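Biologist: Hi! I'm new to this one, could you walk me through it?
Modeller: Happy to, let me bring it up.

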Amino acid sequence: MQFLLKQKSILPGFGLSLGISVFCLSLLVVLPFAALITVTAGMGWSAFVNTIADERVLAAVFLSLRLSFYATLTNVFFGTLVAWVLVRYEFPGKAIMNALVDLPFALPTAVTGIALATLYSPNGWLGQFFSQKIAFSPAGIFLALVVVSLPFIVRAVQPVLEELQPELEEAAASLGANRWTTFRRVILPELTPALLMGSGMMFARATGEYGSVIFIAGNIPMVSEILPVIITAKLEMFDIQGASAVALFMLIIAFVILFMINATQWRLSRRLEARA
């Protein structure tokens, strides 16, 4: 027992590495959030509540959360499907398709927004074929969120599928399980923690997405105005405390959602370990 307690890591430098890691996290993550809280605290509780309770702010909050949720559900299905195709099948152009998944990460978000607005504007290549307006409406926001957040689901699910042995599915089929039962009892339990992790990252990204949305949203108050636009508008009017209050509120929402998803993921992982 004493030997185990005194056993050191093969690679030295734990103390130095830990110190540098804590310093970097404090400088890059904790300090900006602390400054945000400090600036917001200076306006007082009543002013904070009045800022958040503004009808225009609440409309932007609900719009951002609703469309982020819809985009997350959409990408859970299509992202899992893309990951399944990339892992389970061999076909010409597979490497290109795999690289295209990361394209929303590589491109500046403004480029993505301009490209989508060009395609789906009323006179665009694709938008002219739709009777309902896509660009400059909530539908355009939804489309932009789906595009920029697709890689989160694909890259979260893909490694799990690569480790999942096809023999498990063959064994389930040999025992008489149909395809739906095999997916529900064999594949889905293994994918659920990864889906939750990818969904949480994607939802947090979608709620704060700005660059790709600003060009296709239309930014009509109470209709297609997202929360980051509210923050930008307050900053342009030199309302630093108001912008900080809205940003802090968005941060709290994202933190609560991520906490709930991570807690659920931890419980599912413990259950899978217990079964193993």
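Biologist: Which residue forms a salt bridge with D102?
Modeller: That would be R155, with the closest N and O atoms 2.9 Å apart. A salt bridge here is a side-chain nitrogen of Lys or Arg within 4 Å of a carboxyl oxygen of Asp or Glu. D102 lies in the loop between α5 (94–101) and α6 (103–106) and R155 in helix α8, so the pair ties together parts that are 53 residues apart in sequence.

Biologist: Before we go on, what sort of model is this?
Modeller: This is a predicted model: local features need pLDDT of at least 70, side-chain atom pairs count only at pLDDT 80 or more, and totals for chains, interfaces and linings use all residues. Residues are numbered from 1 along each chain as its sequence is written, and side-chain values use heavy atoms, with hydrogens and water left out.

Biologist: How many salt bridges are there?
Modeller: The count comes to five. Among them is E225 with R56, where the closest N and O atoms are 2.6 Å apart. E225 sits in the loop between α10 and α11, and R56 in helix α4 (residues 55–88), so this pair ties together parts 169 residues apart in sequence.

Biologist: Is E225 buried or exposed?
Modeller: E225 is buried, with a relative accessible area of 3%, while R56 is partly exposed at 36%. Buried means under 20% relative accessible area, exposed over 50%, and partly exposed in between (1.4 Å probe, protein chains only). Another bridge joins E209 to R205, with the closest N and O atoms 2.7 Å apart. There, E209 counts as buried at 4% relative accessibility, and R205 is partly exposed at 23%.

Biologist: Stepping back, how many helices and strands does the chain have?
Modeller: It has 12 helices and zero strands. Helices (H or I, at least four residues) and strands (E, at least two) are DSSP runs, numbered from the N terminus. The C-alpha atoms fill a box of roughly 65 × 65 × 30 Å along the principal axes, and buried residues make up 35% of the 276 residues.

Biologist: You mentioned α8. Where does α8 bend?
Modeller: At S149, by about 40 degrees, and a proline, P151, follows within four residues. The bend is the angle between axes fitted to the seven residues ending there and the seven starting there.

Biologist: New topic: which residues does UniProt list as "transmembrane region"?
Modeller: The unreviewed UniProt entry lists 20–47, 67–87, 99–122, 134–154, 210–231 and 243–261. Those positions use the numbering used here, feature names are shortened, and annotations may be inferred rather than shown by experiment. In the model, residues 20–47 are 89% helix and 0% strand, with end C-alpha atoms 38 Å apart. For residues 99–122, the figures are 79% helix, 0% strand and 30 Å.

Biologist: And what makes up the nonpolar surface patch?
Modeller: F23, L25, L27, L28, V29, V30, L31 and F33 make a patch of about 780 Å². Patches are made of residues with over 30% relative accessible area and no salt bridge: like charges are joined within 9 Å, nonpolar side chains (Val, Leu, Ile, Met, Phe, Trp, Tyr) within 5 Å. Accessible areas come from the Shrake-Rupley method with a 1.4 Å probe, and for residues only the protein chains shown count as cover.
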